[in-house]
Amino acid sequence: MIALKVKNLTKSYKNFRLEIPELILESGYIMGLLGKNGAGKTTLIKCILDLARKESGEVFIFEKPFNCDETEIKQRLGVVLETPILPGQLKPKDVKEIMKSFYKNWDDRLYNKLCDLFEIDQNKKIIHLSKGTVMKLSIALALSIRPEFLILDEPTSGLDPVARNQFVEILQSFVQSEEKAVFYSTHIVSDIENVADFVTIIDNGKIIFSSSRESIEEDYCIVKGPASESNKIPQSIVLSCKKGSFSFEALCKKNEIENCMQPGFVVEKPSIEKFYVMLVRRDEKDEVLEVL
Ligand SMILES: Nc1ncnc2c1ncn2[C@@H]1O[C@H](COP(=O)(O)OP(=O)(O)OP(=O)(O)O)[C@@H](O)[C@H]1O
């Protein structure tokens, strides 16, 4: 089943335009959404969830238009927002009672287990919980409705490394079942490195890369060599190139690289982090760094 399909989605703010011609995520997979500050990750997630008004385009969740079948879809959809909206005066144990009355598949046992794992005091008012604990609570709530699809906006940004590690393991077991899907925006590339099946990179409101995690290693490479030799690589296969006084480093398509290898060139596999950073910094001028 297709968990998420976005078609011709546009949204504009002053000095910013989001344009997503197509984005598809099938059940059984985790897609990581990467992008720097202001790239449009939250805007895309808000448009998907109808929390921000789209200018144009369509969003299908479980192959149905989201705004047509919202109540039914919400029963099967767990959401964690960048800034969780939870009633501060209530305690986690009170929120549990409310959730129970709304969600058919609510799982008390799982909620209590996650609260224990994340060390969430269910008897403390939410307003008195730390920022990271509120995020963990939001994750516990989203998982305890036993969703088929999780949409997460930077869920790990406020978490300590232990909680991040636990969260990544939870995600991995969540998608063990083929029916489950996760769409997950983050700054923390290492989290994606461990779990994502697909990586989508968004920059200035546009998708600049969307493919399987393996394709980053299989289809691309980093070439390093002396600065004077950088022009030996045809521009058609260079996605990004950083040139220093003595050496260069280029992110290239792998298929034609063998034909232009020179003595002194070194070819490496890119990590997701390296691939992402080189891709989004491709237009940056070296003068910026020279000022320093
Ligand atoms: N309500 C709004 N009104 C005007 N501009 C907005 C609004 N919401 C977002 N923007 C602008 O849209 C652009 C994308 O913002 P968005 O929050 O989607 O980025 P992001 O990728 O989630 O960033 P971050 O990683 O910093 O959270 C930014 O330029 C932001 O200033």
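An oxygen atom of the ligand lies 2.5 Å from an N or O atom in the side chain of Thr 43, and I count that as a polar contact, which for this talk is a pair of N or O atoms within 3.5 Å. (Within protein, one of the two must be able to donate a hydrogen and the other to accept it, and residues adjacent in sequence count only if both atoms are side-chain atoms.) The side chain of Lys 41 has an N or O atom 2.8 Å from a ligand oxygen, and for the side chain of Asn 37 the corresponding distance is 2.9 Å.

Please keep in mind that this is a predicted model, in which local features need pLDDT of at least 70 and side-chain atom pairs count only at pLDDT 80 or more, while totals for chains, interfaces and linings use all residues. Residues are numbered from 1 along each chain as its sequence is written, and side-chain values use heavy atoms, with hydrogens and water left out.

How many residues are around the ligand? There are 13, and Gly 38, Gly 40, Lys 41, Thr 42 and Thr 43 come nearest; a residue is near if one of its heavy atoms lies within 4 Å of the molecule. Helix H1, residues 41-48, gives the largest share of this shell, with three residues, where helices are DSSP runs of H or I with at least four residues, strands are runs of E with at least two, and both are numbered from the N terminus. By class, the shell holds three nonpolar, six polar and four charged residues. Here Ala, Val, Leu, Ile, Met, Phe, Trp, Tyr, Cys and Pro count as nonpolar, Asp, Glu, Lys and Arg as charged, and the others, Gly among them, as polar.

The largest pocket has a volume of about 670 Å³, and of its 24 lining residues, Val 79, Leu 81, Ile 85, Met 99 and Tyr 103 are the closest to its centre. A pocket is an open set of points, on a 1 Å grid over the protein atoms alone, where a 1.4 Å probe fits, with protein on both sides within 12 Å along at least five of seven lines, and lining residues have an atom within 4 Å of a point. The lining divides into 20 nonpolar, two polar and two charged residues.

The second largest pocket is lined by seven nonpolar, two polar and five charged residues, and H4 supplies the largest share of that lining, five residues.

Notes: Grid points are joined across faces, edges and corners, and a volume is the space filled by probe spheres set on the points.
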